[in-house]
Amino acid sequence: MEFEAYGRKVEVIHGDITKVEADAIVNAANEGLRGGGGVDGAIHRAGGGAIMAECRKIGRCPTGSAVITTAGRLPARYVIHAVGPIWRGGNSGEPELLRSAYETSLRLAKEHGLKSIAFPSISTGAYGFPLEKACPIAIKAVLDHLAGKTSLERVIFVLFTKDDYETYVNQARDLLSGRAS
Ligand code: AR6
């Protein structure tokens with residue numbers, strides 16, 4: 001499904017982010033940048049050791065922030081490793097930290113002059129953030145970024161399950177009908 005916001009494209013697709021051709025794909029990483037399961041495991045497996053070598057040099061990334069590395073063998077040019085919060089019931093700053101993880105990723109993309117970026121649904125797997133709550137935070141962070149000056153022309157949300165994809169499409173439709181041209 002494709003939407004337009006502030007003259008830029010917002011796409012929602014159902015699939016595997018390691019296959020997406022974009023200037024950057026975002027990883028749902030942990031603070032130690034150590035790799036792991038879920039989308040993190042898939043990205044390191046498909047991209048090869050060059051990504052972990054750069055992660056080791058960087059060392060750590062606090063929750064709510066992001067760092068950028070090579071994408072190794074992936075079709076993307078860069079991987080932006082964003083660290084979302086672990087869900088602890090919702091009163092420990094989780095919404096703000098999740099928004100900050102998206103905002104930092106978008107800012108890094110802009111600083112590198114990138115035109116396209118693809119996001120997975122950060123924190124909604126192993127970290128337990130409810131998808132219905134995470135989805136509007138992700139979409140609003142992207143729309144707010146696109147409303148300003150940015151190099152980005154295309155933002156892609158990549159959902160691994162059909163249910164998550166449908167939630168995103170419905171939310172994007174609702175949020176976009178309210179605000180963007
Ligand atoms: N492409 C797109 N989305 C995917 C893919 C894929 N190939 N694989 C899984 N997802 P998770 P988190 C979706 O657990 O909750 C890791 O071990 C998945 O369906 O990957 O932020 C890290 O090292 C879910 O909707 O990330 C951290 O320790 C979404 O990606 C921790 O898990 C996020 O699920 C981070 O947990």
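Analyst: This is a predicted model. In it, a polar side-chain atom of Asp16 lies 2.9 Å from a nitrogen atom of the ligand.

User: And which backbone atoms lie by an oxygen atom of the ligand?

Analyst: For Val39, a backbone N or O atom is 2.8 Å from an oxygen atom of the ligand. For Tyr127, a polar backbone atom is 3.0 Å from an oxygen atom of the ligand.

User: How much of the ligand does the protein bury?

Analyst: The protein buries 89% of the 700 Å² that the ligand exposes when taken alone.

User: OK, how many residues surround the ligand?

Analyst: There are 21, and the closest are Asn30, Asp40, Ser123, Gly125 and Ala126. By class, the shell has eight nonpolar, ten polar and three charged residues.

User: Which helix gives the most to that shell?

Analyst: Helix H1, residues 38–47, with four residues.

User: What lines the largest pocket?

Analyst: It has 24 lining residues, and those nearest its centre are Ala28, Gly38, Val39, Ser121 and Gly125. The lining divides into eleven nonpolar, ten polar and three charged residues.

User: Which elements supply at least two residues each?

Analyst: Strand S3 (24–29), H1 and strand S7 (154–159) do. H1 gives the most to this lining, with four residues.

How values were computed
Residues are numbered from 1 along each chain as its sequence is written. This is a predicted model: local features need pLDDT of at least 70, side-chain atom pairs count only at pLDDT 80 or more; totals for chains, interfaces and linings use all residues. Side-chain values use heavy atoms; hydrogens and water are left out. A residue is near a molecule or strand if one of its heavy atoms lies within 4 Å of it. A polar contact is a pair of N or O atoms within 3.5 Å; within protein, one must be able to donate a hydrogen and the other to accept it, and residues adjacent in sequence count only if both atoms are side-chain atoms. Accessible areas come from the Shrake-Rupley method with a 1.4 Å probe; for residues, only the protein chains shown count as cover. Ala, Val, Leu, Ile, Met, Phe, Trp, Tyr, Cys and Pro count as nonpolar, Asp, Glu, Lys and Arg as charged, and the others, Gly among them, as polar. On a 1 Å grid over the protein atoms alone, a cavity is a set of points where a 1.4 Å probe fits but cannot get out, and a pocket is an open set with protein on both sides within 12 Å along at least five of seven lines; lining residues have an atom within 4 Å of a point.
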